[in-house]
Each structure stands twice: as C-alpha cells, then as structure tokens.
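Hi everyone, thanks for coming. Let me put the sequence and the model up on the screen, and then we can walk through it together.

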Amino acid sequence: MHTAVAKPSPAGKILWAVIAIIGAWCLGVVALRRGEPINAIWVVAAAIAVFLIGYRFYGKFINDNVLRMDPSRATPAVLRNDGLDYVPTDKWVVFGHHFAAIAGAGPLVGPVLAAQMGYLPGTIWILFGVVFAGAVQDFMILGLSLRRDGRSLGNMLRDELGPVAGVVAMFGVLVLMMIVLAVLALVVVKALTHSPWGTFTVACTIPIALLMGIYLRWVRPGRILEVSIIGLVLLLASIWFGSHVSVSPTLAPLFNFDAKALAWLLIAYGFCASVLPVWLLLAPRDYLSTFLKIGTILLLALAIFLAAPTLQMPAVTKFIDGTGPVFQGNLFPFLFITIACGAVSGWHSIIASGTTPKLLASEGEARMVGYGGMLMEAFVAIMALIAAASLHPGVYFAMNSPSALIGTTAQQAATTISEWGFVVTPDELLNTAKNIGETSILSRAGGAPTLAVGMAQLLHGIIPGEGMMAFWYHYAILFEALFILTTVDAGTRVGRFMIQEIAGLVYKPLQHTESWTGNLLATAICVGLWGYFLYQGAVDPLGGINTLWPLFGIANQMLAAVALMLATVVTVKLKRERYVLVPGIPAIWLVVCTLTAGWQKLSGPISFSAAAQKYAQAAADGKLLAPAKDAAEMQRIITNNYVDAALTGIFILLILTMLGFTLNAILKAWRINHPTAHEEPYVALGSVPIQ
Amino acid sequence: MNANLRAIWKRAVQTARLSCGVPDYDVYVKHLREHHPERPVPSYKEFFRERQIARYKGTGGRCC
C-alpha cells in the first residue's frame, strides 16, 4: 500500500452510522410501503444517503485499492501544460465542466419510460447501478486515462487489448452515435407532432442562434455569458409569443406538422447545421443549451424539493411481466437497457477519456470528478423518475402508449387505460391537454413531453397563475429540444469527421476536412444514416420510441460493457487481481443484459424478426396492418424491422468479439508474474521541470 | 467577504466558459509569457475564435 488510510474519528463514525440508518429507513419506506402513496421526499432522501455512502466508502475503496490514485504523481495537465487543452484547473471548475459534458437528455428519457413498471424497479436500479457500475466506469476510465497522458478510450483499447479490438470498438461507437442521434431526434419529433406552439418556439431557436452567432463574432467577440442572457430572454419571449401562434388561424397551420414532415425537417436542418461554419449556428446554440440545461436541472430539483409531490404511480405495476405498452420486454433485461444514462452510460467513458483527464491538477481529485459527477447524473435520473411517477398514472400511460394500443381519441384511450387498472376519465385527459395548451396528449412517447407535464405540474403547484402551466410545459419542451438538437448538430459533425477518416483509407483526398466535396459527401452519409432510423421511427407501427429506444439502450450498455472490460483487463495487468471483481461484476452484468436483450430482440415474440414476419404474413394475405396505408408502406415496415434485427445481430457479434479479446488479455496477464499495463512512468509532482 | 465573492464569481465564469470549450484566457497568456516569450500573444477575440473552432473539430465528447 502506498497511501496510509487515516482512521475515521469517533465523530465521523457516528455521522456515517446516522447517514446509514437514515438511508436504510428511507429505502425501507420506498421499497416496502404498499397500498398508500408515498411522498417523493423519501426517494430523494434515500438517494442522497446511498450516494453519500457510495462515494465515501466504495468510491474511496476504488481510489485507494483498485486505481491507487496518488496525489504526489504529476497528471497529464501538469506534465504537458500548454495553456489550452492541457491545463491544471481548479477541481470545482473541472467538476462543473465534466458534469455539463455528461448530462444530457438520456437520464431524463430512460427513467420516464421505465416508470411503466412502477417507480420502485427504476429507483433501485439507478441507486445501485450507479454506485456499483456507472460511477465505477466513469471513475476508472478517468483514472486509467490520467495514467496514460489523457488518451482516449479507443487508444487505450488499442494499447491494452490490441489494434483489432480498438477498431472494432470504434466501429461500435460510430453505430451507437447514429442510433443516439436518431432516437434523440425522434424524441423531438414526438414532442412537436401537431404542436404549433412547440414547433414555433423550437423553430425560433434558429434565428436566435444566428443572431447570437453574429453578435459573438462581430459585435462583442467572445462574450458568451452576455449573449446567452440575450438569447435566453429572446427564447422566453418566443415561448410567450408561441401561445398566440397556437390559437391564430393563420399562423398555427404554418407550424402544424405530422411526424414524417418533422423528421424530414430535422434531417434537412441537421445537414445544414453541420455544414455551416460553427460560429454561426452550432456554437451559439451549444452555449445556450449548456446553460439552460444546468439551469433547468436546478429548477427541477427546486420544484421537487418545494412541491414535495406524492408518487401516484404504484411502486410496482403489473407491467413487470413484459406486457407494458411503453416498451416491450420483461423487467430483466429490459429495465437495465431502458435506463442507461443515469445508472450506467457507455458514452461517459468517451468524456472521461476526453477533455476531463487533461484538466485535473491532481490524481486525488479524480474520485470527486469521475465518481461524484456520475452520482450527480444519477440524481438527475431520480428526479426525472419522480416527475413521471408523480403524474396521474392514467395521464402517464395516455402520453406514453402507442396509438396502435390506446386509439386516437381521449374516449378510446381512457377506456383502454382504465381497463389496464389505471382509472382515468376522458375529461381528465382532455383537461390535461387544455392546461398545457395542446390539443392532445395522446401517444407522445419519448420522455420529453411526460417530463414536461410533470415539471409543469410541479412548478405550477409552487407558482400558480392562469395559463402558467402551459408556459412551463413549453419551456420544458423547448429546453429538451434545444439540447437534443445541439447534440444532433455536434454529433453529425463528429460523425462526419469519423466517416471522412474511414473514407480517407479508401481514397485519400476525402480525408481533407477543409474540402467541400469530402465535407458535403461525408455529412450527407452521416445525416443519411441517422436520418434513416429517424424516419423509420416516424413511420413505426408502435410509435418509434418503442422500437428504437431498446436499440439505443443495447448499444449504450454495450459501450459501457466494453469500457468496464477494459478496466477489468487493466486491473489484472497491474497484478491487482484480487480487485478484479470491482469492474468485473458490472462488466459481466452488462454483457449478460445486452446479450439477453439482444437475443430477445432477434428471435422470439418481441423481436424485430417477429414483427417483420407478422407484416410479411399480412402482406402475403393481401391485408394491410396499421399504420401502413398501402403495400409499399407494408414493405417498408418489413424492411425496417429486418434492418433493426441485423443491427442487433451486429451488436451481439461486437460484444462477443470484445469479450473474446478481453478474456484472452486477462488470461495472458494472469499468467505473467509482473505488471504489463501500458502506464506512463511515474513523475513526482514537485519534480516537473518548467517547459 | 467581497474578495471571496469575487473569487467565487471568477470561478463560476471560468466553469461556464470551460463548459463551452473556452479555457481561461488569463491562464493561457500567463503560460505563453512564462514558457514561450517568443510567441505573439493573441487577443481575447483571436483566442476565442481559435478555441471555438477547436471545440467542434471532431473526437468531441458530448453525451446523449
């Protein structure tokens, strides 16, 4: 052992014992009280206690024993300080930056969808998933990258598992990114379908961003904060004006689109946004969305603390048997696929091996940023779950079930949902729609609208006022759409560079990122890839989210499994075999979940193949199944399902390949009796020469 | 108290800018003066533009 662990003081012991008892008590209430609804504060308190204990004990255990973070060791930021990318930075500043980079729409969507099984399964998975899997992954990848000059996940995989493993994983990342972009864009489509108010405000973000871009470029260069405040005021004005648009007989039809039209608009927009110079559109939106994201998360926390809502959703619903309308599949493995971000998210391994390790001034701060940052994200997921579970269950199911199941009128929906055991009247559904300034709330799956209604009700409970609920609803929709669209823009750009790199292997000139031919071509391919899945979602019989979200979950958890397998290999290579289970258990768990979910999506009653066969059978009999209106549409649905099945097959192969590389590397390293990991040599912090 | 508040504000601004991919300008200028006195010091405007482009150069991380 290189660091002596200080013995806790008696006062400290008492404090932690008290936290443990409070946590256990709250968890007991959350898990065991049946028959009467509980208050959300119990969930919040249980979460805080679990996170504190996880951070203090398990995080520290990983820090001291598994990673052996050493505050006396110089970090990449210190060794390669260039004032730009590598800069030793204050730990709170790094924490804020890291959290802003990992927090996105993911933790807000997954828990909302998972609420169909009740609040308990989701809560338990988020709390224990984050402590034993998600935060472990983020922290360990950050720790590994810190010891490797801040190298990226792909580079580390290449070094530790071999070049082929690196290429396979990077291919997986590209596919995952296309699915992420498609499913997130679909969330926006679902939120804006036939909603002139929402569509108008989201459309307004484009001229607002252009204005901000010009302001930042020529009027007051680099004044980000100032221009963001101007942008925010304009956004709020556009929400206010949107209410007039939605009732205007001349303006409303201009912003009233169906899902297909919105999908095309988003595809065209994504193309333009990633071809235009970044300062004009992408960067200013990014600034606005970053600040709005943090602001809205704080607002949600404030709303939950002040409103202290009662959870109306039962702790566990009958849908744990796999018959749920929001997503298909049993609790195992689909709960663990549906809630990805918030419990464990593979994407974070890219951030934790990206900018963050180049900023940390000391290895001693890695636990706070890596482990602590992920706990914060889990807290966001818990809040999203609370917002969804505090809704009337009837309203929740009306919003999240596909119209193929609940019909298209409030009357049909209320009847069906009441038959499921969640009694609701058509008036309740119509009133909710009226309160939020929309004509219908039915079948708006995707998390954003549900969260927006939940947030609007919470905020309305604190700040009442005529028409305020509609304002809050559209505010929440706008902010989610804003940061999803920023992800789509930036992701398309990153995807374009990746595609250009791959194309460059075949034909060298395509690699030049400055060349317009290469640029336009690669952007078109990238937009075409995610656009295909987006359009497929827009015409999907089950509403799209139902189909695409599991694909996204499988891909994201696959990446997390790869990151944790890397951490496992390195632990063995460092000859710390007795701690192999720390990254090993979550790695195995995720491999099992993704393979099981993948298999069920490949063959069996809820698989893509079964859906394709059902439509093929009907087509052969000359019948039409909704939502297809002619034989060509039937054919398209069949093809889409086969494409999804093939993609699932690729994910399964990918994870099996990576598993093979991992086991091989572990066996080799286990036999050798000295450390074989590719760490950079130790340099003492005090001895760093001035460059 | 006042100095404390100012320090907190400075950090908040630093965090906000870094979250948008713009590192601390003063730190960079100090670094240039100390280690590379021969190089020209960019204005904040030039520095900002360079960083803005660098942020979206690819490889960039941003979560779902």
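Let's start with a question: is Asp149(A) buried, partly exposed or exposed? Asp149(A) is partly exposed, because it has 16 C-beta neighbours inside 10 Å; buried means 20 or more other C-beta atoms within 10 Å, exposed 12 or fewer, and partly exposed in between, with C-beta atoms placed from the backbone.

A word on the source: this is a predicted model, where local features need pLDDT of at least 70 and side-chain atom pairs count only at pLDDT 80 or more, while totals for chains, interfaces and linings use all residues. Residues are numbered from 1 along each chain as written, and chains are lettered from A, ligands numbered from 1, in the order written.

Back to Asp149(A): its phi is positive, about 60 degrees, although it is not a glycine. You'll find Asp149(A) in the loop between helix H6 (119-146) and helix H7 (153-161) of chain A; helices here are DSSP runs of H or I, at least four residues, and strands are E runs of at least two, numbered from the N terminus.

Lys575(A) also has a positive phi of about 60 degrees, and it sits in the loop between helix H23 (545-573) and helix H24 (581-602) of chain A. Most residues other than glycine have a negative phi, and most peptide bonds are trans. A cis bond does join Phe332(A) and Pro333(A), with omega about 0 degrees.

Now chain B: it has 3 helices and 0 strands, and buried residues make up 31% of its 64 residues.
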